[in-house]
Amino acid sequence: MSWVRKTVASTIGAKFIVALTGIVLVGFVIGHMLGNLQIFLGQDALNNYAQMLHNTPALLWSARLVLILSFFAHIGFTIKLTRQNRLARPQTYAYQQSIQAPTSSRTMIFSGLLVLSFVIYHLLHFTLGVTHPEHKSLVDSMGRPDVYSMVVLGFQNIWVSLSYIVAIILLGLHLSHGVSSLWQTLGLNHVKYNTFIKASGPVLALTLVAGNLSMPVAVLLGFLSLPLGVV
Amino acid sequence: MNLTLKVWRQSGPQDKGKIVDYAVKDINSHMSFLEMLDVLNEELIAKGEEPIAFDHDCREGICGSCSMMIDGIPHGPDRGTTACQLHMRRFKDGDVVYVEPWQAKAFPVIKDLVVDRSAFDRIIQSGGFVSINTGNAQDANALPVNKDSAEAAFDAAACIGCGACVAACPNASAMLFVAAKVSHLGKLPQGQPERAKRVQSMVSTMDTEGFGSCTNTFECEAACPKEISVTNIAQMNRDYMQSSLGD
């Protein structure tokens with residue numbers, strides 16, 4: 001087992017884990033968005049989807065376990081690598097200049113940590129119902145937890161919506177570098193595919209930003225409103 | 001042409017170091033950057049001051065000695081050139097130019113712009129070679145090498161070990177240097193028997209020397225005077241993980 005310890009301790013091995021766990025997290029973010037977009041199909045569709053997820057606890061918790069492990073590994077290893085990177089240049093340059101690196105590639109730790117703090121808030125808001133307990137207890141006419149109304153009520157608050165909008169843009173920034181970059185870390189770089197590899201990050205980031213922003217924006221503009229009977 | 005130079009002066013490894021301003025007058029635009037520093041140094045010596053220490057040797061872009069950050073970019077603003085190949089016509093009268101040494105924990109400053117790059121030598125010593133019996137040179141083309149591999153190996157072998165990749169990297173990572181060495185031998189038949197061992201021990205030495213890790217900003221490739229491609233880094237990531245996970 002010493003080879004495992006050695007590989008994980010190396011910078012390349014650590015980056016490999018960051019890339020693999022990144023794929024898991026990106027996969028989740030895509031699935032999460034597609035699921036949530038069902039809000040545009042109406043209250044019944046979204047609440048039905050939410051209940052379906054919760055009706056199979058074994059599946060839900062296996063997925064959550066993989067996610068939680070990936071989440072902590074991704075963050076743990078990047079913090080370790082970032083600390084090593086800071087130590088590698090104790091004296092910074094008087095004249096700071098980058099030749100071509102986009103801002104997103106130089107601010108991964110900041111965008112990442114800001115998204116992390118948002119994820120904590122997001123879990124407290126929708127999953128655990130700590131910030132708005134009165135929204136979490138809503139039930140629809142069929143007795144299902146009323147996720148639809150919870151989301152609409154949440155986003156009708158301009159500050160809640162704004163925090164989501166900012167966080168989604170930061171996530172987009174993070175993924176526009178992260179997704180293009182993970183191929184390189186996994187050893188995939190070839191002139192035949194580099195156009196796609198380069199585009200993968202920005203394209204996916206833009207798709208996720210557009211899809212996720214559509215929800216708070218639709219609520220704020222009144223395209224999505226509360227069903228009758230919910231106050 | 002008159003310039004203001006802001007030069008990093010550091011009397012020795014223990015000194016804290018600081019930026020010192022120098023007004024350089026009547027610079028001939030045909031001078032190289034190093035010749036301009038020579039002129040400034042002669043003036044400093046004439047005034048009884050300590051000249052600016054900087055590394056240089058071939059002055060034709062091959063040796064990789066002239067390591068300096070010029071306005072925050074290793075070897076200055078031109079792509080694919082070393083500091084000695086940079087000419088003063090690239091600057092305008094009245095420009096303010098920052099000149100600093102490579103900054104990395106693994107490259108401690110010896111004096112002013114001179115850094116100790118022997119960390120690179122230790123990385124090479126740990127695996128950047130092929131073990132062969134020496135003797136008479138064998139017949140040319142006795143070992144078939146396909147053209148594409150030969151070209152790719154040669155491109156990687158163009159690395160002069162100057163350290164610009166480390167200097168440019170926001171993480172002071174040596175990945176491009178190590179990758180160039182790993183690829184250059186790994187693409188040739190002579191390098192195959194030690195391929196797995198080589199990447200393992202060179203990466204391990206790189207980590208121990210205190211270089212940072214790669215965040216794929218690709219600043220190294222842009223700064224490299226020999227334009228070594230980051231494709232080599234992907235190749236090294238692949239070789240490293242293959243040799244870690246394989247037998």
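Predicted model: local features only at pLDDT ≥ 70, side-chain atom pairs only at ≥ 80, totals over all residues.
Biologist: Nice. Is α3(B) roughly parallel or roughly antiparallel to α5(B)?

Modeller: Let's take the geometry step by step. Helix α3 of chain B covers residues 147–157 and helix α5 of chain B covers residues 175–186; their axes lie 8 Å apart, at an angle of about 150°. Angles over 145 degrees count as roughly antiparallel. Therefore α3(B) and α5(B) are roughly antiparallel.

Biologist: And what is the handedness of the crossing where α3(B) passes α5(B)?

Modeller: That is a separate property of the pair. The crossing of α5(B) by α3(B) is left-handed.

Biologist: Stepping back to the domains, how many residues of domain 2 of chain B are in contact with domain 1 of chain B?

Modeller: The assignment places domain 1 at 3–100 and domain 2 at 117–245 of chain B, and their C-alpha centres are 30 Å apart. Domain 1 of chain B brings 12 residues to the contact, and its side has five nonpolar, seven polar and no charged residues. From domain 2 of chain B, the number is 10.

Biologist: Lastly, what percentage of the residues of chain B count as buried?

Modeller: Chain B has eight helices and seven strands, and its C-alpha atoms fill a box of roughly 60 × 35 × 35 Å. Of its 247 residues, the buried share is 46%.

Notes. Residues numbered from 1 in each chain as written. Chains lettered and ligands numbered in written order. Domains from an automatic or database assignment. Contact = placed C-beta atoms within 7 Å. Nonpolar A, V, L, I, M, F, W, Y, C, P; charged D, E, K, R; others polar. Helix = DSSP H or I, 4+ residues; strand = E, 2+ residues; numbered from the N terminus. Buried ≥ 20, exposed ≤ 12 C-beta atoms within 10 Å, placed from the backbone. Axes fitted to C-alpha atoms, helices over the stretch in contact; angles between N-to-C directions. Parallel < 35°, antiparallel > 145°, perpendicular 65-115°, else oblique. Left-handed = near helix turned anticlockwise from the far one by under 90°.
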